[in-house]
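Please consult the sequence and the structure while reading.

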Amino acid sequence: MNRSQTIVILGGGVGGVVCAVELRKKLPKQHRVVLVDREERHLFAPSLLWLMIGQRTAEKISRPLDRLRKKGIDVMRGEIQHIEPAERHVTVSGESITADHLIISLGADLAPETIPGLAEAGHNFYTLEGAEGLRDALGRFRSGKLAVLTATPAYKCPAAPYEAAMLLEYHCRKQKIREQVQIDFYAAEPGPMGVAGKEITAAVRQMVEDKGIGFHPEHQITQVNADDRKLTFANGAQADFDLLAYVPPHRPPRVVKEAGLVGDSGWVSVDRHTMETEYPGVYALGDVVGIPLAVGKPLPKAGVFAHGEAVVVAQNIVRCITGKAEPARFDGHGECFIETGDGKAGFGRGNFYGEPLPQIKLHKVGRRWHAGKILFEKYWLRRWF
Ligand SMILES: Cc1cc2nc3c(=O)[nH]c(=O)nc-3n(C[C@H](O)[C@H](O)[C@H](O)COP(=O)(O)OP(=O)(O)OC[C@H]3O[C@@H](n4cnc5c(N)ncnc54)[C@H](O)[C@@H]3O)c2cc1C
């Protein structure tokens, strides 16, 4: 097909950037690749954990989306207000665009305000502002109770809150205040990284507890009292804190919900191998989708999956337009580093589409995985920008 086509990618996060760059690289120039985001800069979220303990700056872990213009991508900055999937029509800050192929990679919205008192009392280290706020508060913190909590059992990057707790513990040791600080982790879920299987849950819990961090599973937060610095949980338990770091509830972006794209899982339903929605020419990928697994839990929301899915979507669109590429399928493979502090990390890798259970192998904690995580950060920011 030779007609000039327009591919519109909504979201300049992990999935959106990979998809846009891959498409631009593989499609003839006559086709237009448009990337839309409200933010000026792409943020490499895994590095927020290092930023929060003072090891990175915002500048170091983000890149201007406008740099993608040099590659021939039309970067459009604005708020996506409406999506009409049947027409592949989008409104961005009042301006209309119609796509031949539409890719939705809008991530998950964070909603701390749905738990009374949470936003007022604590630091949401899943955002740049929250991680910077935590870093500043840590600078003033000399003693007391440090609480880390997950406000719901499912959230993006299942390892991140556990890494955060271990990095905070490491930071306290480095600051020589560890003996004056009690650290507790209150998890809404039964244990760490449940989808990866019982052995990995037990191993990561052990890593956390070996650092003297109190682990309290199935503690679903219902209310935070900012004045009394008290946490109240659905199981009736209460706990005090002096410094609170939290992962907020997640929900699909409003614009996606209003477009009628949200299915039974509470997220966008797609074909799990091609990321096609029920609308022809409309794809969704990354955190915004809900992919049920045989194990009874959804595929975790993680950059590694957004990345893999984006490569598949780009290749299939290139095939559709040029007839040249091989058909591609997303196969559920993924991996993740688990930072433990002291310049060390663990590493898990496997097939999350494995049945009846995902087949994941956890490698022993060591310096090489920490070095691998640093290398991956450098690769990411250089490869795509
Ligand atoms: C602290 C932390 C650590 C993490 N560590 C890891 C890790 O080690 N490994 C891993 O695999 N994953 C990790 N993740 C998860 C990973 O960052 C996400 O899974 C990944 O970014 C999802 O990519 P995405 O493209 O689906 O969404 P995102 O990267 O969130 O991108 C969505 C984009 O859409 C834009 N957007 C949303 N709504 C609108 C709108 N209405 N108008 C305009 N723009 C809009 C947003 O500005 C954003 O840029 C981590 C996340 C956090 C917070």
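The text below treats the ligand, then the pocket and cavity, and finally the backbone.

The model is predicted; local features require pLDDT of at least 70 and side-chain atom pairs pLDDT 80 or more, while totals for chains, interfaces and linings use all residues. Residues are numbered from 1 along each chain as its sequence is written, and side-chain values rest on heavy atoms, with hydrogens and water left out.

**Ligand surroundings**

The shell around the ligand holds 28 residues, of which G15, D37, D287, G303 and V304 come nearest; a residue counts as near if one of its heavy atoms lies within 4 Å. By class, this shell has twelve nonpolar, nine polar and seven charged residues. Here Ala, Val, Leu, Ile, Met, Phe, Trp, Tyr, Cys and Pro are nonpolar, Asp, Glu, Lys and Arg are charged, and the others, Gly among them, are polar.

Both α1 (14–26) and α8 (303–322) supply at least two residues of the shell, and α8 gives the most, with three residues. Helices (H or I, at least four residues) and strands (E, at least two) are DSSP runs numbered from the N terminus. Because domain 1 (6–108 + 252–322) and domain 2 (111–249) both contribute residues to the shell, the ligand lies between them; the domain bounds come from an automatic or database domain assignment.

| Residue | Polar atom of residue | Ligand atom | Distance |
|---|---|---|---|
| R38 | backbone | nitrogen | 3.2 Å |
| I80 | backbone | nitrogen | 2.9 Å |
| S105 | side chain | oxygen | 2.9 Å |

Taken alone the ligand exposes 1,000 Å², and the protein buries 91% of that area, as computed by the Shrake-Rupley method with a 1.4 Å probe.

**Pocket and cavity**

On a 1 Å grid over the protein atoms alone, a cavity is a set of points where a 1.4 Å probe fits but cannot get out, and a pocket is an open set with protein on both sides within 12 Å along at least five of seven lines; lining residues have an atom within 4 Å of a point. A volume is the space filled by probe spheres set on the points, which are joined across faces, edges and corners.

The second largest pocket has a volume of about 810 Å³. Its lining comprises 32 residues, with P153, A154, V195, K297 and P298 nearest the centre. These divide into 20 nonpolar, eight polar and four charged residues. This pocket lies between domain 1 and domain 2, because both give residues to its lining.

The structure holds one cavity of 30 Å³ or more. The largest cavity has a volume of about 60 Å³, and its lining includes G286, D287, F305 and E309. Seven nonpolar, one polar and three charged residues make up that lining.

**Backbone features**

E355 and P356 are joined by a cis peptide bond, with omega about 0 degrees. P356 is placed in the loop between β22 (344–351) and β23 (359–366). S93, although not a glycine, has a positive phi of about 45 degrees; S93 lies in the loop between β7 (89–92) and β8 (95–98).

Technical notes
Polar contact = N/O pair within 3.5 Å; in protein donor to acceptor, adjacent residues only side chain to side chain.
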